[in-house]
Amino acid sequence: MYDVTSTHLDLERSSVDTAALPVGAIEQHGPHLPLSVDWFQGEIVARQVAERLDAFLLPGIPYGCSQAHTGFRGTISLAPETLGAVVTDIAESLLEEGFRRIAVLNFHGGNLILKLAVRDLNLSQSIGKVVLVSPGQDAGAKLDDILDGYPDEQHAGELETSVMLHLAPGQVGDSRVNHVPDVGPVYFDYLPMKEFCPDGVWGRSSLATAEKGRLVIEGMVDYTVDYLQDTFTSLGVPAQNSSED
């Protein structure tokens, strides 16, 4: 694996043609979790994915589109156009340098603009392919087997609390809230979350355990690696470097 501690000569002498870019968010996660959850878990998962793919790992983008969390102090939100432009510029730089496989790993459900940015990138050039994966959502079948209340998980509940108990237990507070509103996730499109989840939690954080968190991370990494390998191969851009498993 390569990252920004590598030199440009390390990359030029290598055959690496895969790059991984994690995208997170800085936003409230209830009274018991830090603002950094999405960015923090993204860095961990992306590093493991990059190691498995022998990819060039870029520093994660910490900020995302967090308009739904308006009203909770500490939440930082980019305009969708801003995030889309940043990801596009990064991907175009990588493509110009000969990277043919770019994985955008999304760890925040509100970063909806990424789908449009990735579509435009793929349809506007023929150098390589950009693939978007949202591990916490796309690996749902794996996570449903691990978590007791996965269908009701949206934010700061069993899933994210378990992940943080595994990765950074000292950052998990005791004020755990169980709250599942009587509305569907589409309400994120209608109102600030504070209107229907006043504590900033949608899920059952009391069900969280460190062991579940370990299994969740493992499941997200396994799913993401398999999906990326299969998708890039089906798109006609299998890896040039031969160290993938």
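This is a short walk through the fold, from the sheet to the helices and then the cores.

Keep in mind that the model is predicted, with local features needing pLDDT of at least 70, side-chain atom pairs counting only at pLDDT 80 or more, and totals for chains, interfaces and linings using all residues. Residues are numbered from 1 along each chain as its sequence is written, and side-chain values use heavy atoms, leaving out hydrogens and water.

**The sheet.** Start by colouring the strands; these and the helices are DSSP runs numbered from the N terminus (H or I, at least four residues, for helices; E, at least two, for strands). You'll see an open sheet of four, in the order S2-S1-S3-S4 with parallel pairing, where a pair takes at least two DSSP bridges between the strands. At the edges sit S2 (56-57) and S4 (129-133), each pairing on one side only. Zoom in on S1 (residues 18-23), which is joined to S2 over two bridges; Ala-20 is opposite Leu-57 of S2.

**Helix H3.** Now select 80-96. H3 packs on the sheet and touches S1, S2, S3 (101-106) and S4, contact being heavy atoms within 4.5 Å. Its direction makes about 165 degrees with that of S1; axes are lines fitted to C-alpha atoms, for helices over the stretch in contact, and angles between N-to-C directions run from 0 to 180 degrees.

Show side chains on Leu-83, Gly-84, Val-87, Ala-91, Leu-94 and Leu-95: these are buried, meaning under 20% relative accessible area, with exposed over 50% and partly exposed in between (1.4 Å probe, protein chains only). They sit on the same side of H3 because they cover an arc of only 100 degrees around the axis, taken from the directions from the axis to the C-beta atoms. The buried residues pack against S1, S2, S3, H4 (113-123) and S4. Just past the helix, Gly-98 has a positive phi of about 100 degrees.

**H8 and the cores.** Next pick 210-234: H8 lies across S3 and S4, at about 150 degrees to S4. Then find the largest nonpolar core, with 28 residues; such a core is a set of buried Ala, Val, Leu, Ile, Met, Phe, Trp, Tyr and Cys residues joined through side-chain atoms within 4.5 Å. Those with the most contacts inside it include Val-45, Leu-105, Leu-159 and Val-216. H8 gives this core the most, seven residues. Another core, of 21 residues, lies apart from it, with Val-87, Leu-95, Val-118 and Leu-121 among them.
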